[in-house]
Amino acid sequence: MSLAEEKQALRKEVSKRLSIYSEEYLQKGTESALRKLELYHAFMDAKTVLLYCSMPDEINTHEFIYKWSKEKTILLPVIDFDTNTFEAHLFEGKEKMIEGPYKIMQPKTTKYEGEIDLAIVPGRAFDHKGHRLGRGKGFYDYFLKDFNGYTIGLCFDFQLQDYVPFEEFDIVVDDVIASDISPHLF
């Protein structure tokens with residue numbers, strides 16, 4: 001099996017598992033992961049944080065963004081498929097958000113030019129060494145290749161794998177925070 005096939009197989013496995021878990025389990029998993037993130041030293045110390053507006057099959061970050069925007073400078077990705085770019089833009093409230101590609105909400109603000117202390121990164125899967133499997137478009141790898149801040153992958157417990165297939169251009173995150181709610185309780 002080629003590396004590309006391994007990656008695609010893992011993406012399918014994670015999607016399959018996501019589809020069998022209850023909304024209650026996914027909500028409890030979201031709460032667990034975000035609680036751990038709030039207590040993590042890199043998050044507590046960060047003044048400027050790149051988050052992401054979650055898709056329905058990711059740790060739900062929407063309320064977390066609004067909550068922490070009162071205390072920290074929160075940035076969100078703006079992806080342009082025409083130019084294949086990923087930029088960090090300032091979150092200035094719900095009223096300054098528009099629907100972007102894949103129905104992901106994005107800020108309609110200008111590109112942020114300052115230092116970013118911390119980037120919270122979604123993924124289909126992570127391993128304990130920080131290897132990340134994304135959705136296959138490479139936007140986060142492109143953005144993070146020149147990023148100097150701390151990076152944390154955020155995921156449900158079943159998305160944390162023993163091994164994630166990777167290539168030399170795949171960017172490794174500094175740490176991974178996964179929920180700690182057992183799906184067997186739901």
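**S32 and its helix.** I started at S32, which lies in helix α2; helices here are DSSP runs of H or I with at least four residues, strands are runs of E with at least two, and both are numbered from the N terminus. This is a predicted model, where local features need pLDDT of at least 70, side-chain atom pairs count only at pLDDT 80 or more, and totals for chains, interfaces and linings use all residues. Residues are numbered from 1 along each chain as its sequence is written, and side-chain values use heavy atoms, with hydrogens and water left out.

Is S32 buried or exposed? S32 is buried, because its relative accessible area is 1%, and buried means under 20% (exposed is over 50%, partly exposed in between, with a 1.4 Å probe and protein chains only). Leaving aside neighbours within four places in sequence, I found S32 in contact (heavy atoms within 4.5 Å) with S179, D180 and I181.

Next I checked the span of α2: its 17 residues reach 25 Å from first C-alpha to last, close to the 24 Å expected at 1.5 Å a residue. That expected span is 1.5 Å times one less than the number of residues. Buried residues of α2 include Y25, L26, G29, A33 and L37. The buried residues of this helix pack against α1, α3, α4, β6, β9 and β11.

**The core.** I then looked up the largest nonpolar core and got 55 residues, with L37, I120 and L154 having the most contacts inside it. Such a core is a set of buried Ala, Val, Leu, Ile, Met, Phe, Trp, Tyr and Cys residues joined through side-chain atoms within 4.5 Å. Helix α2 gives the most to this core, with five residues. Not counting residues up to four places away in sequence, L154 touches, among others, A33, L34, L37, I120 and I177.

**A buried strand residue.** L75 has its place in strand β2, and I noted it as buried because its relative accessibility is 0%. Beyond four places in sequence, its contacts include T48, L50, A88, L90, Y112 and I116.

**The cavity.** How many cavities of 30 Å³ or more are there? I counted one. A cavity is a set of points on a 1 Å grid over the protein atoms alone where a 1.4 Å probe fits but cannot get out; a pocket is an open set with protein on both sides within 12 Å along at least five of seven lines, and lining residues have an atom within 4 Å of a point. Grid points are joined across faces, edges and corners, and a volume is the space filled by probe spheres set on the points. The largest cavity holds about 40 Å³, and L154 turns up in its lining along with Y52, E58, I59, P122, G123, C155 and Q159.

The largest pocket has a volume of about 640 Å³. Of its 32 lining residues, R132, R135, K137, F139 and Y140 are the closest to the centre. Elements supplying at least two lining residues each are α1, β2, β5, β8 and α5.

The second largest pocket comes to about 440 Å³. Its lining has 17 residues, and K111, I116, F143, D146 and F147 are the closest to its centre. Here β3 and α5 give two or more residues, and β3 has the largest share, with four.
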